[in-house]
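Subject: Structure handover

Hello,

Here is the structure I said I would pass on. My notes on what was found in it follow below.

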Amino acid sequence: MERKFPVSRLLLALWLLSSQTAGAALVFAPFAVLLAFRGSASAGQDMASLNFLLGLGYIMPLVFIGLGIAAWVMFAKRRNAAAGWLGIATLIPGAVMLFVLNMF
């Protein structure tokens with residue numbers, strides 16, 4: 001007996017792909033900017049905030065990758081609601097990076 005592939009699973013897979021693409025842009029773009037301006041910012045006075053931002057820039061991509069892997073594991077286990085919420089959660093590390101970058 002053939003098992004039918006429901007449309008909701010297809011939409012969930014599309015949601016996971018799109019949310020993780022947006023999350024990757026939110027996480028890695030500020031990190032790339034931090035790395036690009038590291039040399040000019042080190043000549044300034046406030047090295048503590050730069051070190052904090054760089055530390056955050058190294059941690060948040062790892063959090064993003066962990067949430068993304070967890071989302072796909074939940075998708076494979078057919079826990080659709082958990083996978084959808086973890087898809088939303090992949091946007092959080094990038095939002096935190098942008099928020100902290102705007103604070104400094």
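Where is the place of Thr90? Thr90 sits in the loop between H4 and helix H5, the latter covering residues 92-103. Please keep in mind that this is a predicted model.

Overall

The protein has five helices and zero strands. Read from the N terminus, the order of elements is α-α-α-α-α. The chain has 104 residues, of which 32% count as buried.

H4 and its neighbours

Helix H4 covers residues 80-89. Its buried residues are Ala83, Gly84, Gly87 and Ala89. What do the buried residues of H4 pack against? They pack against H1, H3 and H5.

Take H1 to begin with. Helix H1 covers residues 7-36, and its axis comes within 9 Å of the axis of H4, with a crossing angle of roughly 20°. An angle under 35 degrees counts as roughly parallel, so H1 is roughly parallel to H4. The crossing of H1 with H4 is left-handed. On the H1 side the contact involves Arg9, Leu12, Trp15, Leu16 and Ser19, and on the H4 side Asn80, Ala83, Gly84, Gly87 and Ile88. By class, five of these residues are nonpolar, four are polar and one is charged.

Next is H3, which covers residues 47-76. The axes of H3 and H4 come within 8 Å and cross at roughly 165°. Angles over 145 degrees count as roughly antiparallel, and H3 and H4 are therefore roughly antiparallel to each other. This crossing, too, is described as left-handed. H3 contributes Leu67, Ala70, Ala71, Met74 and Phe75 to the contact, while H4 contributes Ala82, Ala83, Leu86, Gly87 and Ala89. Here the classes are nine nonpolar, one polar and no charged residues.

H1 and H5

H1 also meets H5. The two axes come within 7 Å and cross at roughly 35°. From H1 the contact has Leu26, Val27, Pro30, Phe31 and Leu34, and from H5 it has Pro93, Gly94, Met97, Leu98 and Leu101. The contact of H1 with H5 consists of nine nonpolar residues, one polar residue and no charged ones.

Residues to look at

Thr90: Is this residue buried or exposed? Thr90 has 0% relative accessibility, so it counts as buried. A polar atom of the Thr90 side chain lies 2.5 Å from the backbone oxygen of Gly87. Beyond its neighbours within four places in sequence, Thr90 is in contact with Ser19, Gln20, Gly23, Phe64, Leu67 and Gly68. Of the residues in that list, Ser19 belongs to the H1 side of the contact with H4, and Leu67 belongs to the H3 side of the contact with H4.

Trp15: This residue lies in helix H1. Its relative accessibility is 32%, so Trp15 counts as partly exposed. Which residues does Trp15 touch, not counting residues up to four places away in sequence? Trp15 touches Gly84, Gly87 and Ile88. The C-alpha atoms of Trp15 and Gly87 are separated by 7.3 Å, and the two residues are 72 residues apart along the chain. There is also a polar atom of the Trp15 side chain 3.4 Å from the backbone oxygen of Gly84.

Arg9: This residue is found in helix H1 as well. Arg9 counts as buried because its relative accessibility is 6%, and a residue under 20% is classed that way. With neighbours within four places in sequence left aside, Arg9 is in contact with Phe75, Arg78 and Asn80.

Arg78: This contact of Arg9 is placed in the loop between H3 and H4. At 42% relative accessibility, Arg78 counts as partly exposed. The phi angle of Arg78 is near 65°, which is a positive value in a residue other than glycine.

Where to begin in the viewer

Gly87 takes part in the contact with H1 and in the contact with H3, and its backbone oxygen lies 2.5 Å from a polar side-chain atom of Thr90.

Regards

Key:
Residues are numbered from 1 along each chain as its sequence is written. This is a predicted model: local features need pLDDT of at least 70, side-chain atom pairs count only at pLDDT 80 or more; totals for chains, interfaces and linings use all residues. Side-chain values use heavy atoms; hydrogens and water are left out. Axes are lines fitted to C-alpha atoms, for helices over the stretch in contact, and angles run from 0 to 180 degrees between N-to-C directions. Helices (H or I, at least four residues) and strands (E, at least two) are DSSP runs, numbered from the N terminus. Angles under 35 degrees count as roughly parallel, over 145 as roughly antiparallel, 65 to 115 as roughly perpendicular and the rest as oblique. A crossing is left-handed if the near helix is turned anticlockwise from the far one by less than a right angle, and right-handed if clockwise. Contact means heavy atoms within 4.5 Å. Ala, Val, Leu, Ile, Met, Phe, Trp, Tyr, Cys and Pro count as nonpolar, Asp, Glu, Lys and Arg as charged, and the others, Gly among them, as polar. Buried means under 20% relative accessible area, exposed over 50%, partly exposed in between (1.4 Å probe, protein chains only). A polar contact is a pair of N or O atoms within 3.5 Å; within protein, one must be able to donate a hydrogen and the other to accept it, and residues adjacent in sequence count only if both atoms are side-chain atoms.
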